[in-house]
Amino acid sequence: MNGERDPASSAGSRSLLGDHPVGPVLLEVVGLSKSYGPVRAIQDLSLDVRIGEVHAICGHNGAGKSTLVKALVGLVRPDVGVMRFDGEELSLRNPQDAQARGIALVNQELSLVPELSVEDNIFLGGIDVPLLYRRRRLSERARRTLDALGLAHVPLNAAVESLAIGERQLVEIARLLVRDARLLILDEPTATLSKPEIDRVFMATRELVAQGRSVIFVSHRLDEVFDLCDRVTVLRDGRVVGTHMIGEIDRRSLINLMLGEMEGAAAARHHVSERAHSGVDAVRIEGLSVPGAVEDFSLTLERGIITGLAGQVGSGTSTVLRALGGLVPDASGTVEVHGQSVRLNTPRLASRAGILYIPNDRQREGLFLGQTVESNLTVVRLRRLSRLGVILRRRSQRVARDLSTMVGVGLDRLGSPVDRLSGGNQQKVLLGRALHREGTVLLALDEPTRGVDVGGRADIHELVRDAAREGASVIFSSTELDEVLDLADVVVTMFAGRIVSVIPRADASASSVLADMTTREREGEGRP
Amino acid sequence: MNAGVFGALERIRADRRRFGWADVALGLWIGVLTVLVVYGATTTTGFMTVSNLKAILTAAAFVGIIAVGLTVIVLSGNLFSLALGQTVAVTAMLFLYTLQFGLALAIVLTLLLGLVIGAVQGFAVGAWGANPIIITIGAAGLMEGVAVWLSHGQSIVPPASATSYQRLAEPLLGVPFPVYVFVALTIGLAVAMRRTRFGRGIYLLGENRVAARAAALPVTLLTTAAFALTSVFAAGAGVLIGATSQNASLLLTGSYTYDAIAAALVGGNAVTGGRGSVLRTAGGAVFIATISDMLLLRGYTTGGQILVRGIIVVVVVVLTNLRERSR
Amino acid sequence: MRRTRISTARIGGASRFVPFAILAVMIATMALLPVVTDYTVRTANVYDVFQNFSAYGLVALALGITIMAGEFDLSVSSMYLLGGMVAVLTGAGSPLVGILAALGTAVIVGCVQGGLIAYFRLNSMPVTLGGYLVVLGITYILGHSKSVMYEDYNVGLRLDQPIAQVFSIRSLISLGIFVLVAFVLRYLRVGRDVRAIGGDRRAARVAGVPVEHLLIGVFIVSALGAALAGALLSYSLATASPTNIGFDVLTFSATAALLGGVSLSGGRGSAVGIAAGVLSLSVLQEILAIVRSPDYVSSLITGGLLVLVTILWAPEISKWFRTTRVASAVESKRVQG
């Protein structure tokens with residue numbers, strides 16, 4: 001529906017050009033393309049950002065947002081296309097170049113040193129900071145910057161490690177401001193923040209544009225986009241599918257833009273599960289909470305049913321799985337497996353309870369890169385493959401061969417170190433380790449097909465369905481809508497740490513799931 | 001015996017990856033060393049004699065046993081222990097002291113002491129994340145203090161009545177007994193590390209501690225066991241050294257710690273853990289013993305030997321690290 | 001995690017006083033000694049304390065700085081010996097020349113070690129272990145495997161002559177350098193940058209801190225500190241010895257640094273704290289000397305302290321206690337349930 005905005009939008013926001021002067025074009029991107037091998041990450045991308053504007057970039061996973069951002073800050077070089085900043089053409093070799101021009105990025109990975117003070121961090125590594133740097137003039141400048149960003153209550157000599165993450169983010173922004181950043185790119189800045197912290201970020205952003213700077217706001221949180229931004233550019237499949245003034249578009253249209261024709265054509269591709277219940281409870285989760293990440297998560301997982309947790313960065317889906325896997329010691333709540341309450345303080349306890357967790361960061365937390373494929377496949381079942389402590393070689397090899405064949409990794413690779421495999425194959429090995437393991441009640445898979453191509457993904461999904469058919473209960477999380485719709489029997493959407501909805505797959509549609517992933521409450525039920 | 005040769009063989013067997021420039025560098029280094037050793041062997045007077053070769057093996061045996069045990073800590077990703085020399089001295093002292101109760105009991109008690117010393121350190125590292133290097137430095141100091149205190153500053157000698165222990169130091173079929181122990185322990189541990197759950201667990205732990213934890217491996221237990229095992233091996237060396245010197249005090253500490261670490265590093269084990277093997281360490285120990293012997297025969301002073309050892313360590317550490325990095 | 005625990009509002013917070021608390025305890029013990037026992041404590045003992053301080057203090061400072069930068073210099077114990085040897089061998093004519101030569105050697109050693117560690121991104125432990133052996137070997141070679149006498153006894157006497165009854169030139173030099181380093185660490189940009197590369201190296205690099213240059217500098221400073229301490233001590237004793245007193249120096253320095261608030265995870269610590277740590281151990285040593293306790297007690301206490309401090313400040317220890325506490329809480333909930 002055109003021209004209509006959600007009536008319950010909070011006052012005090014403005015999205016029309018009227019409120020503050022938006023100037024001429026600061027950043028111009030024309031025909032940008034970048035491919036990684038055969039994969040075209042972005043194609044023929046054009047957009048512009050004006051001085052004093054808050055410009056949102058929206059798009060579902062894989063739409064090309066992160067590649068665009070990387071190109072803007074010099075982390076990747078585009079194959080084709082032109083970027084102009086202040087009229088001058090940009091040729092960025094590295095992030096330092098970008099910063100020197102005045103383009104800066106703030107994302108989840110902050111570059112603050114926790115042990116140092118706020119003031120120290122603000123001036124850390126700055127090129128024109130004098131040797132004897134704690135001078136009054138600099139301190140005053142830091143103080144002014146912090147105040148403008150809403151951190152008047154934070155002392156300059158406070159240790160960064162004592163600040164909450166929202167405050168830390170603002171300190172990072174303060175550093176960029178002190179270096180005269182003119183265009184700040186905020187990549188999912190509110191993903192892990194509490195409401196008051198989000199308000200502070202909004203206030204800071206408005207202050208920034210009032211000072212004549214520009215902000216690119218990459219976010220999946222559509223409410224915030226409507227509250228804060230002047231214009232929004234939607235990406236899909238690496239292309240720009242539309243740039244609109246905020247006043248000219250509404251949520252429903254925005255979501256449709258993001259999805260494109262997914263509803264129709266893609267639906268034909270998906271496997272649509274018809275069964276959402278098996279009647280036998282496997283795992284019951286009650287009131288699972290993790291301070292700062294998950295709030296009151298309650299769900300019953302049934303035997304043989306695949307539950308998909310759909311949610312973006314910061315929604316808590318990953319944390320729920322980690323908690324089930326025993327990796328979150330300060331989780332509270334109760335978990336019952338087959339009616340018995342279990343302790344999940346450590347991964348060993350989780351394993352004993354029959355829960356097998358596969359992490360999403362395969363390189364850091366999942367695989368043993370220097371070890372062989374066989375080693376990686378058998379790591380969670382060594383006890384059963386040994387007698388009296390000695391590993392039974394033939395049995396181990398047989399199991400590894402079986403698993404390897406199942407996931408589609410060539411048998412000739414069994415003895416190779418895993419770091420020699422492609423990303424997709426690595427993911428297959430990681431997943432293979434979870435299959436067909438005796439005693440597994442629940443498979444908790446965090447992004448099961450990350451980095452795997454379409455064909456491989458279909459294969460893996462079939463394997464997961466096999467595992468469910470053999471009696472395991474499966475819970476997986478994914479930021480990819482496609483995956484959730486294809487694999488899940490039951491779709492659970494999460495936003496900001498809470499469950500938004502629980503629907504059987506047959507009743508879910510792409511747009512309804514996406515809508516739920518991007519808002520605090522279901523459409524039509526009003527806002528908090 | 002060359003540093004890295006074992007490593008190269010294992011790697012070739014394990015995978016068929018392309019050889020990068022770091023491998024070329026390592027290959028060159030091995031080549032240079034081989035040439036040097038051969039050159040030294042042929043031109044050093046007195047080197048190629050049976051008695052000299054036996055001396056090399058004996059020297060290698062003591063350090064080798066300690067080094068091979070240390071490999072378990074290195075593979076587990078806990079760097080190394082700086083308490084090895086002290087462990088040897090203290091266990092040697094206990095051994096000679098308990099000989100009055102019989103040889104078998106003495107050996108058992110000594111190994112048990114080694115186990116406990118190691119397990120305590122390992123637990124602190126595994127359960128609480130204490131820095132392994134510092135813990136072992138502290139443990140070394142504690143051991144020194146306790147040893148001097150209990151022995152009233154005097155060295156321990158075996159009781160006059162006991163003679164059975166001398167078998168441990170004597171040659172058997174012409175080769176000193178410790179050499180047999182070295183070979184047997186090396187093979188035994190090498191097999192254990194490759195074929196048992198414990199060994200596999202250590203490799204995985206060293207390769208990626210975070211992933212090991214996420215995969216529900218018993219991290220604390222593995223770490224405790226790793227340190228305990230290293231300490232037991234050091235205690236074993238202590239038994240043999242005590243039997244050989246027939247006189248034990250803190251002077252026995254000598255340079256065993258640094259020699260053992262050098263052997264593990266020179267053999268080509270990655271200090272970050274997860275990559276390497278017991279065989280490599282054994283090779284490193286023999287190699288160092290060979291070089292030291294050659295230098296000694298050629299008139300190099302203590303200083304010269306230490307210096308050469310140090311240079312080899314630094315070069316191998318750089319090359320090993322480069323190779324790992326390029327993977 | 002969104003909300004981190006608010007551990008300290010300001011830098012250091014309460015924990016920054018621990019080194020001084022420990023020092024206070026040590027001083028109190030020494031002061032109370034004559035009250036509780038028959039031993040007397042004279043100004044000569046205070047002089048001894050400062051002499052102990054100058055024997056190892058700079059080595060602890062050197063090691064502490066490398067730890068703050070996120071590394072560990074195992075070669076300090078042999079650099080100490082080399083500094084002494086070079087100073088004695090080259091300082092026959094003028095002690096100042098000897099000192100400069102020792103410092104020059106230190107710069108070379110520091111450059112090589114720092115360079116390898118920085119540019120090859122190596123773990124500092126095995127590299128400095130190799131460095132330890134190389135430096136030790138050189139020391140032996142220079143001294144022909146023997147101790148070397150320093151002819152000019154007067155230099156030593158002058159260095160150790162009591163000033164204001166409790167100080168000496170040697171201890172004043174050490175204290176002076178501590179003050180200088182404290183100033184640099186606190187007020188100069190390099191000081192902050194050193195802690196930055198120790199606290200979070202990736203963040204520091206991204207922020208633009210010249211990591212490689214700093215690392216080399218840190219290892220140069222470390223070698224300098226050890227060499228100077230060794231040189232001064234050798235002049236004082238009029239001998240330089242290649243004997244490996246390795247563990248003693250290393251244990252002492254590590255304990256002093258850790259007691260002084262230097263954190264093994266990097267990024268935390270101060271020169272003043274390290275000074276307090278060194279002083280604490282110096283007072284302790286003097287107390288043991290006063291009561292004429294045998295040498296091994298010193299090893300025992302220092303070793304024990306090191307183990308204790310390492311465990312108490314181990315990263316996962318609080319988590320371990322929390323885990324076991326949470327487990328029992330869940331248990332009790334179930335029982336009541």
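Trainee: Which residue just after α6(A) takes a positive phi?

Mentor: In this predicted model, the residue is A:Gly212, and its phi is about 90°.

Trainee: How many residues does helix α6 of chain A have, and how far does the helix reach?

Mentor: One compares the span from first to last C-alpha with the value expected at 1.5 Å a residue. Helix α6 of chain A, residues 195-210, has 16 residues and reaches 23 Å, close to the expected 22 Å.

Trainee: Which residues of α6(A) are buried, and where do they lie around the axis?

Mentor: A residue counts as buried when its relative accessible area is under 20%. In α6(A), the buried residues are A:Glu197, A:Ile198, A:Val201, A:Phe202, A:Ala204, A:Thr205, A:Leu208 and A:Val209. They cover an arc of only 165° around the axis, which puts them on the same side of α6(A). On the face turned away from that buried side are the exposed residues A:Pro196 and A:Ala210.

Trainee: Against what do the buried residues of α6(A) pack?

Mentor: Their partners in chain A are β3 (54-58), α5 (165-178), β7 (183-187), β8 (214-218) and α7 (222-228).

Trainee: Which strands pair with β13(A), and in what sense?

Mentor: Strand β20 (473-478) of chain A runs parallel to β13(A), joined by 5 bridges; here A:Ile306 has A:Val474 as its bridge partner. Strand β21 (490-495) of chain A also pairs with β13(A) in the parallel sense, over 4 bridges, and A:Thr307 is partnered by A:Val490.

Definitions and conventions
Residues are numbered from 1 along each chain as its sequence is written. Chains are lettered from A and ligands numbered from 1 in the order in which they are written. This is a predicted model: local features need pLDDT of at least 70, side-chain atom pairs count only at pLDDT 80 or more; totals for chains, interfaces and linings use all residues. Side-chain values use heavy atoms; hydrogens and water are left out. Helices (H or I, at least four residues) and strands (E, at least two) are DSSP runs, numbered from the N terminus. The expected span of a helix is 1.5 Å times one less than its number of residues. Buried means under 20% relative accessible area, exposed over 50%, partly exposed in between (1.4 Å probe, protein chains only). The arc is that of the directions from the helix axis to the C-beta atoms. Contact means heavy atoms within 4.5 Å. Two strands pair if DSSP finds at least two bridges between them.
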